[in-house]
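Have the viewer open while you read.

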Amino acid sequence: MERRKSAVFEYLRHTPYLHSSDYLRELYESANTKAEKNILFNYIKRFEVDDEEYSGYYSLYEQIGRELGRIEDNDECIQISIPKSLLFEYFEWQSERKEDD
């Protein structure tokens, strides 16, 4: 049984066919090693279904990527925009502070 499963993952490395995201999720749930999960991750990337347009593949790709440490969680990062004028005032204030010390 284990040998057969290993052959399935090896097959994914070379097949020219894109399998359904449901089938790939089943394989992911049966994957026991990082190597098998890495094969799935690379398979999804190879067929370029690794963006939000392909929701089933994308969610699996993100899940595997986070688990393998190949995708960082964006929830931890906050992106803000600061107007140039505010930055200029800040640097000006900093330079005045240094002069006073």
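1. First, the ground rules. This is a predicted model, so local features need pLDDT of at least 70 and side-chain atom pairs count only at pLDDT 80 or more, while totals for chains, interfaces and linings use all residues. Residues are numbered from 1 along each chain as its sequence is written, and side-chain values use heavy atoms, with hydrogens and water left out.

2. Start with Tyr90. At 40% relative accessibility, Tyr90 counts as partly exposed; buried would be under 20% relative accessible area and exposed over 50%, with partly exposed in between (1.4 Å probe, protein chains only).

3. How are the rings of Tyr90 and Trp93 arranged? Their centres are 6.1 Å apart and their planes sit at 40°, so the pair is tilted. The rule here is that rings of Phe, Tyr and Trp (its six-membered ring) pair if their centres lie within 6.5 Å, with planes under 30 degrees apart called stacked, over 60 edge-to-face and the rest tilted. Tyr90 and Trp93 are three residues apart in helix α5 (residues 84-100), which puts about one helical turn between them. Helices here are DSSP runs (H or I, at least four residues), numbered from the N terminus. Ring pairs also bring in Phe91, giving a cluster of Tyr90, Phe91 and Trp93. The count of aromatic pairs comes to four.

4. Leu86 is found in helix α5.

5. Now the inside. The largest nonpolar core has 18 residues, and Leu12, Leu24, Leu40, Ile44 and Ile64 touch the most other members. Helices α1 (2-14), α2 (21-30), α3 (34-46) and α4 (55-68) each give two or more residues to this core. By core I mean buried Ala, Val, Leu, Ile, Met, Phe, Trp, Tyr and Cys residues joined through side-chain atoms within 4.5 Å.

6. Ile64, in helix α4, is buried with a relative accessible area of 0%. Leaving out residues up to four places away in sequence, Ile64 touches Tyr28, Lys37, Leu40 and Phe41; contact means heavy atoms within 4.5 Å. Ile64 and Asn38 are 26 residues apart in sequence, yet their C-alpha atoms are 7.8 Å apart.

7. Beyond four places in sequence, Ser21 touches Gly56, Tyr57 and Leu60.

8. How many salt bridges does a search of the whole structure find? The answer is four, taking a salt bridge as a side-chain nitrogen of Lys or Arg within 4 Å of a carboxyl oxygen of Asp or Glu. One of them joins the side chains of Lys37 and Glu67 (2.4 Å, N to O). That pair links distant parts of the chain, with Lys37 in helix α3 and Glu67 in helix α4, 30 residues apart. Are the two partners buried or exposed? Lys37 is buried, at 13% relative accessible area, whereas Glu67 counts as partly exposed at 39%.

9. Two further bridges can be checked. Arg66 and Glu62 meet at 2.9 Å, N to O, and these two are four residues apart in helix α4, so about one helical turn separates them. Arg66 is partly exposed at 37% relative accessibility, while Glu62 counts as buried at 16%. Asp50 pairs with Lys45, the closest N and O atoms being 3.2 Å apart, and Lys45 is partly exposed at 43%.

10. Last stop, Arg46 in helix α3. Arg46 is partly exposed, with a relative accessible area of 40%. Setting aside neighbours within four places in sequence, Arg46 is in contact with Leu12, Arg13, His14 and Thr15. Arg46 and Arg13 lie 33 residues apart in sequence and 9.4 Å apart in space, C-alpha to C-alpha.
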